[in-house]
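Please consult the sequence and coordinates below alongside the text.

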Amino acid sequence: MSTKPLDHLYSEHHPWLRQWLSRRLGCSADAADLAHDAFLRLLLKPVQPVLDNALAARGYLRKVANGLCINLWQRREIEQAWLDALAAQPERFADSAEHCAAVLQALQEVGQMLIGLPGKGAQAFVLAVVCQMTDKEVAAELGVSDRMVRKYVAKAMLACLSLQAAQDMAMFYQDHDA
């Protein structure tokens with residue numbers, strides 16, 4: 001898709017997408033942000049989809065925007081859970097704003113990582129690590145073997161280590177660019 005068709009797609013469908021998102025989210029500011037993000041994703045896509053009519057274009061944009069809505073809602077759930085956990089702590093344990101922001105970012109990244117795992121893999125990780133259940137307990141809960149639980153948890157731990165390595169590299173470059 002060349003720039004001209006993308007310009008045309010934007011001018012023809014952006015107002016409709018913003019309105020659709022506004023109704024879905026109940027917030028025109030969030031709708032504007034997500035509509036922008038939907039077109040940005042389309043622009044950055046290595047292989048452009050064939051959107052040869054208005055119905056196909058709106059269907060594609062609705063699918064992308066729906067995924068962005070889900071990401072927004074999940075991010076907000078994580079943020080709210082973290083804020084609730086902070087509010088429940090005695091004041092003497094309160095963290096700095098920077099630390100809270102870093103923890104929230106890490107929680108969001110782990111949340112995204114879990115979304116990328118197969119359903120039972122994410123469940124096994126949460127049950128084993130967060131709920132501190134044994135392999136046998138997790139296996140019984142999910143209806144899989146102990147061995148499968150270990151595979152699920154290992155795969156999730158590998159993904160966590162990859163996240164940590166990416167953060168460490170970002171910090172390294174940030175420290176050396178300054």
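The model is predicted: local features need pLDDT of at least 70, side-chain atom pairs count only at pLDDT 80 or more, and totals for chains, interfaces and linings use all residues. Residues are numbered from 1 along each chain as its sequence is written, and side-chain values use heavy atoms, with hydrogens and water left out.

**Nonpolar cores**

A nonpolar core is a set of buried Ala, Val, Leu, Ile, Met, Phe, Trp, Tyr and Cys residues joined through side-chain atoms within 4.5 Å. Buried denotes under 20% relative accessible area, exposed over 50%, and partly exposed in between (1.4 Å probe, protein chains only). The largest such core comprises 22 residues, and those with the most contacts inside it are L9, L17, W20, L21, L25 and L34. Helices α1 (3-25), α2 (28-44) and α3 (54-88) each supply at least two residues of this core; helices here are DSSP runs of H or I, at least four residues, numbered from the N terminus. The largest share, eight residues, comes from α3. Leaving aside residues up to four places away in sequence, L21 is in contact (heavy atoms within 4.5 Å) with G26, A31, L34, A35, A65 and C69. A second, separate core has ten residues, among them A124, L127, A128 and V138.

**Salt bridges**

A salt bridge is a side-chain nitrogen of Lys or Arg within 4 Å of a carboxyl oxygen of Asp or Glu.

| D30 | R76 | 2.7 Å |

The salt bridge between D30 and R76 joins helix α2, which holds D30, to helix α3, which holds R76, so parts 46 residues apart in sequence are tied together. D30 counts as buried, at 16% relative accessibility, whereas R76 is partly exposed at 38%.

D146 has a relative accessible area of 24% and is partly exposed, while K136 is exposed at 60%.
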